[in-house]
Amino acid sequence: MLASLGHVLRLGRAGFILAREGVFSGVDASDLPTEARLALAMAALVARRDGGLERLAPAIAKLGPSYVKLGQTLATRPDVVGVDVARELEALQDRMEPFSHDVAVGVIEKAFARPLSDVFTDLSEPVAAASVAQVHRATIVEDAKTKPVAVKVLRPGIERRFRRDLGDMFFAARMAERISPEAERLNPVGVVETLARSVKIEMDFRLEAAAASEFAENTEGDDDFLVPKVDWDRCAREVLTLEWIDGIPLSDVEALRRSGADLPRIGRTLIQSFLRHAVRDGFFHADMHPGNLFLTPEGRLAAVDFGIMGRLGLKERRFLAEILYGFITRDYKRVAEVHFEAGYVPAHYRVDDFAQAIRAVGEPIHSRRADEISMARLLTLLFEITALFDMRTRIELVMLQKTMVVVEGVARSLDPRLDMWSTAEPVVRSWMEDNLGPRGKMADAGHSLAALAHVAAQTPDMLTRAGRIVERFETITERGLTLAPQTVAALGAAQSAGQRFWRYGFALFLLLILLLIWR
């Protein structure tokens with residue numbers, strides 16, 4: 001109960017800061033429950049006159065690094081927060097004041113239990129600082145040659161802060177799912193779980209190194225895409241060392257033009273590379289903003305920062321490929337069938353009705369010029385359609401869809417007339433021919449035979465376990481299901497405590513806001 005009170009108090013502070021910045025001023029309260037309308041009315045009392053939704057990113061920045069990460073995660077979920085809010089959240093910059101060079105040296109020396117000079121020949125001042133870590137340029141000696149490397153150092157004390165704030169966020173997400181059926185469909189607990197997994201990887205650089213290593217292996221044969229090599233001898237939980245990438249960031253379009261680069265080609269390469277990673281490999285960079293992408297002197301695209309990666313299973317990759325190809329070829333019936341085959345739309349709906357709804361998404365795309373097509377608008381319509389048909393949000397697919405929007409935005413900054421669909425078609429068609437054509441069906445048959453062989457080998461054990469289950473079930477039906485007195489007492493106490501908390505918790509939250517208003 002004390003832990004719950006702590007969650008409420010800290011969330012109340014966060015709510016007050018957001019209310020003070022006026023970020024709730026544009027919320028339509030007509031469809032909200034009475035308690036929410038009351039909270040919005042109190043938020044309006046403390047809102048600054050020049051506040052508004054455009055103050056959302058600065059307000060979240062005031063709440064600290066955990067909320068910045070949450071905001072960046074929610075920016076990938078326009079189905080949860082709406083397109084306008086997601087667009088504002090994209091303005092969040094994960095930039096923090098750097099910690100001192102001496103502190104960074106201390107972290108490195110503690111991680112390797114050696115003096116800095118035994119690990120790196122030199123270490124620069126920080127060249128970039130974020131909420132979780134900061135990056136330094138260093139040099140090493142390898143095979144009697146000096147070599148530059150990028151060194152990422154974990155920010156001291158950051159784990160304890162994230163652990164506390166994530167607890168608050170889980171509490172709020174579970175409360176939302178408990179109160180609102182619509183919130184449950186949107187899966188806010190899944191959003192926080194995605195953030196928690198991301199943060200877990202970001203704060204253990206051995207896991208990020210493994211992600212970079214896997215990504216590098218997957219793209220080794222791609223002549224137009226580069227992933228920096230991991231220096232495993234200089235990686236630890238708090239320190240990540242990668243090959244230094246020299247290049248022009250894609251965020252500096254003018255510098256790219258001055259270099260004579262073929263900007264339309266870079267845009268096409270970016271989109272096709274991303275689709276190859278997602279559809280071919282099932283493992284993609286999920287934070288491909290222009291600051292994380294570089295054009296090397298050799299003309300290759302290079303990616304950095306592998307803390308946020310997305311993964312798709314074979315089922316999801318097939319779903320994605322058929323959906324994209326269906327939109328490209330305007331085969332809306334097949335797009336609808338794929339949704340049903342994947343189990344994403346409840347079976348009590350009709351395929352033809354869903355196909356009709358999908359047509360409402362696809363036809364506006366084909367009636368416009370390529371440079372007029374908005375992937376953000378497409379996503380908005382898709383989320384509206386999935387809500388109408390009770391399709392539960394798939395976190396991995398939403399992350400991929402949002403990353404596609406970001407990638408398209410970067411590509412369009414290089415070539416405003418880029419045709420997303422004609423650029424995507426060769427990659428998607430090639431994968432479908434390899435995996436859904438005759439070769440793919442033969443591979444599926446092989447997997448099925450292997451699965452049947454595995455089941456056959458397990459059959460004796462399965463029959464034995466089934467027999468035990470039947471015996472236990474017969475015992476329960478004869479004697480009834482009995483709970484120990486301690487279990488009954490604990491269940492009663494938990495139910496009573498839960499009722500008391502939900503009855504008074506919201507009142508305490510409102511009281512806290514009132515005290516903050518009139519202090």
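Among contacts in the protein chain between residues at least 6 apart in sequence, what percentage join residues at least 24 apart? The share is 69%, where a contact means heavy atoms within 4.5 Å. The structure is a predicted model, in which local features need pLDDT of at least 70 and side-chain atom pairs count only at pLDDT 80 or more, while totals for chains, interfaces and linings use all residues. Residues are numbered from 1 along each chain as its sequence is written, and side-chain values use heavy atoms, with hydrogens and water left out.

The protein chain contains 21 helices and ten strands; helices (H or I, at least four residues) and strands (E, at least two) are DSSP runs numbered from the N terminus. Of its 519 residues, 45% are buried, buried meaning under 20% relative accessible area, exposed over 50%, and partly exposed in between (1.4 Å probe, protein chains only). The mean pLDDT, the predictor's confidence in each residue from 0 to 100, is 79 for the protein chain. Over residues 494-519, pLDDT stays under 50. Where pLDDT is low, the predicted coordinates should not be read in detail.

Four strands form an open sheet in the order β4-β9-β8-β6, with mixed pairing; two strands pair if DSSP finds at least two bridges between them. Strands β4 (225-226) and β6 (248-249) are at the edges, each pairing on one side only. Strands β8 (residues 293-295) and β9 (residues 301-303) run antiparallel and are joined by three bridges, and L293 has A303 in β9 as its bridge partner. Helix α13 (residues 263-281) packs on the sheet and touches β4, β8 and β9.

The structure holds 22 salt bridges, each defined as a side-chain nitrogen of Lys or Arg within 4 Å of a carboxyl oxygen of Asp or Glu. In the pair R330 and E363, the closest N and O atoms are 2.6 Å apart. This pair links distant parts of the chain, 33 residues apart, with R330 in the loop between α14 and α15 (332-341) and E363 in helix α16 (residues 351-366). R334 forms a salt bridge with E341 at 2.9 Å between the closest N and O atoms. Salt bridges that share partners join E322, R334, E337 and E341 into one network. E341 is exposed, at 58% relative accessibility, whereas R334 is partly exposed, at 22%.

Notes. Axes are lines fitted to C-alpha atoms, for helices over the stretch in contact, and angles run from 0 to 180 degrees between N-to-C directions.
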